[in-house]
Every structure is written in C-alpha cells, then in structure tokens.
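The sequence and structure are shown first, and the description follows.

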Amino acid sequence: MNTLVIGSQWGDEGKGKVIDFLTEDADIVVRSQGGSNAGHTVIAHGKKYVLHLVPSGILWPGKLNVIGNGVVINPTSLVEEMTYLRGLGVEISPQNLLLSDRAHVVLPIHKEIDAAQEEALGDHKIGTTKQGIGPTYADKVRRIGIRMADLMDPVHLEAVLKARIMTANEELVRLGHPAANPQETLSAVMAAADELRSHITDTIPVLNHAVKAGKNILFEGAQGAMLDIDFGTYPYVTSSNTSAGGCCTGSGVPPTGIDKIIGVCKAYTTRVGAGPFVTEDAALADYLHGLGREFGATTGRPRRCGWADGVVLRFSAMFNGFDEMAMTNLDGLDACEEIKICTGYKLDGRTLEFPPALISAWERCTPIYETLPGWMSDITKCTSWEQLPPNCKAYLKRFGEIIGCPVGSVGVGPDRSQTLTVPH
Ligand code: GDP
Ligand code: IMO
Ligand code: MG
C-alpha cells in the first residue's frame with residue numbers, strides 16, 4: 001500500500017505528525033519535492049524533533065528513508081540536520097537514508113541570490129524562507145544545475161562548482177550585492193560532499209523494486225497545495241509541485257504505483273509569507289498566538305491565521321484526488337464559542353466555488369461563511385472518536401460535506417499519541 005500525504009493548504013498543516021503516525025505500518029518514507037524550506041515537527045515520547053530535509057520516518061528504527069530526485073538538497077544544511085538528529089539519539093547511516101543522485105544541489109550562493117531577489121522586490125516580496133529554493137529550481141529548469149551525482153567525484157565537483165560560483169557571482173553583482181567568497185563556498189560544499197557520498201545512489205530502481213515487492217511506501221509531502229507552482233496563489237508560491245503529481249515526478253514511482261492520497265489540513269488555516277488569504281482573521285490570530293501556537297518551525301515567524309477555507313480545500317481535494325483528510329489541531333478551536341467555515345467566495349457580485357487564477361482577483365474575494373456552534377471543552381485528553389463532544393463531530397461532518405472529502409483522522413494535540421481515527 002503506497003500512500004501520499006500532501007499538505008492541502010499553505011503548508012504547516014501538521015504533515016510531520018501525520019507521517020510519523022503512519023510510519024509504524026510503512027517500510028519506506030520518501031520526500032519528493034521542496035528542500036530545507038520545509039519544517040516538519042514531530043513530538044514523540046516527550047521529545048521534539050524538527051525535520052527539514054530528512055524524511056520523518058528516520059525517527060522510527062528499521063525504516064528506509066529516501067530523498068528523491070525532485071528535492072533540492074543543500075549539502076551543508078543536510079549534514080547539519082544529520083548532526084542535530086544524531087545528537088537527539090537518532091541513528092543515521094546509508095542503511096536508512098538514501099539520497100537520489102538526480103536531486104539538485106542548493107549552494108550557499110543560491111541562498112544569497114534568494115535574499116537579494118527578495119530585497120529587490122521590496123513591498124512585493126514573496127516572503128520566502130531564504131533557503132535558496134527558488135534559485136535552485138530555476139537553475140534546474142535553465143539546465144545549468146548541479147546534481148548530487150556531481151558530488152561523487154571530488155575533482156569533477158571542484159571544476160563544476162568553480163564554474164557555477166563564477167556565474168552566480170555575476171548574478172549577485174547585477175542584483176547590487178557583493179560577490180560571495182568562492183573559496184568559502186567551495187570548501188563548505190566539498191566538505192559536506194565527503195559526508196554525504198556514501199548515501200548517494202540511484203533511488204529510482206530502489207523504490208520501484210520496493211513497489212513490486214509489495215512494500216508499504218509513504219510519501220511525505222512538503223509545503224502545501226496552495227504553494228504549488230501550478231495550482232497555488234502564483235506568484236506567492238514555492239518553486240515546486242507540492243501537489244500529488246509532484247510525488248511521482250519527484251521520486252520516479254509512476255502514478256500506477258500510488259494507492260491512497262491523504263490531504264492534511266488544520267481545523268483552521270495558517271499561512272507564512274505574503275499572498276492572498278481570504279479567510280484571514282486578526283482576532284483568531286491573536287487568540288492562537290496568545291496560546292503560544294502558530295510560530296514557524298523553520299523561520300520562527302508568527303503565522304497568519306484564519307478560518308477554514310472550503311474554497312481552497314475543495315479545490316485542493318479536487319486536483320490532488322484526496323481519498324480522505326487528516327485534520328490536525330482540532331484542539332486549537334476548543335475555546336471558540338462559534339466556528340466559521342468559508343463555503344464560497346464573493347467576487348464582483350458572483351459566488352465562486354473555486355479560487356480564481358489572477359492574484360488581483362484573489363485579493364478582491366470576500367468569504368461567505370457558515371457558522372457552527374463550538375464545543376467549548378478540552379478535547380486533548382480524548383483517546384477515541386466516541387469521546388469527542390457532539391458539536392465537534394458535527395463540525396467534522398459539515399467540514400467534509402463542504403469540501404467534498406471526508407475527514408479520516410483528527411489530531412487533538414501535538415504528541416504522536418494524540419491522533420484519533422474517524423470511523424467510516
Ligand atoms: P508541517 O510542516 O506540516 O509538518 O507542520 P509544522 O510542524 O510546521 O506545524 C504544525 C504544528 O502543529 C507543529 O507545531 C505541530 O507540533 C503542531 N501539531 C500538529 N498536529 C497537532 C494537533 O493535532 N494539535 C496540536 N495542538 N498541535 C499539533
Ligand atoms: P512545510 O513543509 C509553510 C512558503 C514561504 C513563502 C513561499 C516561498 O513546513 O509545510 P520558498 O522559501 O519556498 O521559496 O518560499 O512558500 N513556504 C512555506 N510555508 N510551510 C512550508 O513548508 C513552507 N515552505 C515554503 O513562507 O511564502
Ligand atoms: Mg512546517
């Protein structure tokens with residue numbers, strides 16, 4: 001059984017926690033897009049882990065973890081993350097972590113270009129994580145990228161790095177920034193390459209043999225559907241296909257190898273970075289931030305918050321083909337007297353069922369809300385669906401009807417143990 005786990009909103013839906021919950025029954029966990037812009041939190045046995053590049057399956061002994069060809073890997077960030085995880089007692093070796101030889105490499109210089117481009121955009125900046133993600137995917141599409149396969153031979157690597165640093169420096173200077181120190185960049189990447197070499201391989205046959213052998217593969221989506229380069233709030237998006245299709249192109253497992261697609265959503269909505277957010281609500285943001293919730297796992301930025309957006313989720317469920325939703329953070333609404341769900345957008349007197357393409361139109365949309373009564377009680381101690389208050393169950397049922405996809409599980413707290421399965 002091969003399952004995709006995809007963020008259905010603007011990222012940070014709680015994918016890390018859902019993946020961790022499902023890993024017990026999996027053999028392999030695969031990342032297939034994005035890079036260290038991701039920050040996936042897992043809390044298990046009272047310990048907190050934040051993963052950026054390494055698949056969350058690494059926290060379970062005996063599971064194989066694969067970083068697929070569609071991911072962009074910053075070698076120095078990956079080595080730092082491996083050191084951080086080892087410091088928390090996690091074992092990592094080429095037996096449980098493989099890196100695709102076709103994945104593209106994020107260089108320190110890409111991070112500098114990312115920051116310089118953001119600065120040049122001024123008030124129109126995207127609000128990127130400044131991890132060099134956009135510039136690296138741009139290199140891939142321009143056919144000038146460096147790939148993990150280039151890390152295998154140090155002599156070859158030094159030559160390609162020198163050439164790329166030179167042209168990237170010209171780009172930085174054009175953006176009005178000082179050129180990077182070529183020797184520093186070179187040494188950092190060469191040192192990280194030495195650490196990673198034994199993990200690099202052709203992961204495509206590894207995954208396809210596993211599919212044929214009937215192993216269970218979990219695909220760990222990063223970011224969220226509304227940050228997808230094709231379907232999201234363009235240009236306020238990331239630079240990869242964060243949706244279901246990206247799992248196939250980013251791993252080499254064909255669509256025929258996928259059995260189930262789960263969309264992860266929060267009981268409300270959050271977003272970091274700029275861009276339209278029709279259901280954004282300042283009072284809800286104050287309330288959630290006051291509880292110490294909704295600060296970014298990668299950048300620490302306070303997340304923008306709003307009510308559940310049925311238009312976004314309906315669209316997302318459609319183009320991802322979700323079989324069910326894994327809803328997290330339901331406990332975040334415990335103290336709300338009333339809970340709103342957006343059922344449609346109003347735009348120039350028309351009612352929209354799906355979001356518009358033009359960003360200027362997105363920004364003019366206003367939400368049409370349905371209001372449901374809250375449950376006004378602590379659900380964090382509930383250990384089964386039956387124990388949830390009736391208003392809570394009614395919210396989940398109506399949520400599923402509005403978006404056209406049923407809720408299959410709910411999170412009532414951040415810990416590994418706080419996930420309840422919804423009976424069919
Ligand atoms: P990801 O990027 O999708 O993996 O999500 P993040 O880890 O960036 O953000 C999700 C946040 O919600 C993290 O702080 C999680 O610990 C937390 N979280 C996930 N599920 C639940 C839940 O059901 N209840 C609560 N209270 N927190 C949750
Ligand atoms: P996870 O996997 C939330 C957002 C950034 C910015 C836009 C582009 O933890 O859900 P980028 O650095 O990718 O070029 O930034 O995308 N963004 C995320 N927001 N969660 C993430 O990852 C994100 N990764 C990127 O804030 O708006
Ligand atoms: Mg996150």
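## Basis of the description

The model is predicted: local features need pLDDT of at least 70, side-chain atom pairs count only at pLDDT 80 or more, and totals for chains, interfaces and linings use all residues. Residues are numbered from 1 along each chain as its sequence is written, chains are lettered from A and ligands numbered from 1 in the order in which they are written, and side-chain values use heavy atoms, with hydrogens and water left out.

Helices (H or I, at least four residues) and strands (E, at least two) are DSSP runs, numbered from the N terminus.

Oxygen atoms of ligand 1 take part in polar contacts (pairs of N or O atoms within 3.5 Å). A polar side-chain atom of T41 is 2.6 Å from one such oxygen atom, and a backbone N or O atom of G16 is 2.8 Å from an oxygen atom of the ligand. For R303, the distance from a side-chain N or O atom to a ligand oxygen atom is 3.1 Å. Ligand 1 exposes 580 Å² when taken alone, and the protein buries 90% of that; accessible areas come from the Shrake-Rupley method with a 1.4 Å probe.

## The surroundings of ligand 2

Ligand 2 is surrounded by 20 residues, of which D12, K15, H40, T129 and T238 are the closest. This shell divides into seven nonpolar, 10 polar and three charged residues.

An oxygen atom of the ligand lies 2.6 Å from a polar side-chain atom of T238. A backbone N or O atom of Q223 is 2.8 Å from a ligand oxygen atom, and a side-chain N or O atom of N37 is 2.9 Å from one. On its own, ligand 2 has 550 Å² of accessible area, and the protein covers 98% of it.

## Backbone features

Most residues other than glycine have a negative phi, and most peptide bonds are trans. D12, in the loop between β1 (2-7) and α1, has a positive phi near 60°. N329, in the loop between β15 (324-328) and β16 (338-347), is not a glycine either and has a positive phi of about 60°.

The peptide bond that joins Y234 and P235 is cis, with omega about 10°. P235 belongs to the loop between β10 (217-220) and α8 (244-249).

Methods:
A polar contact is a pair of N or O atoms within 3.5 Å; within protein, one must be able to donate a hydrogen and the other to accept it, and residues adjacent in sequence count only if both atoms are side-chain atoms. A residue is near a molecule or strand if one of its heavy atoms lies within 4 Å of it. Ala, Val, Leu, Ile, Met, Phe, Trp, Tyr, Cys and Pro count as nonpolar, Asp, Glu, Lys and Arg as charged, and the others, Gly among them, as polar.
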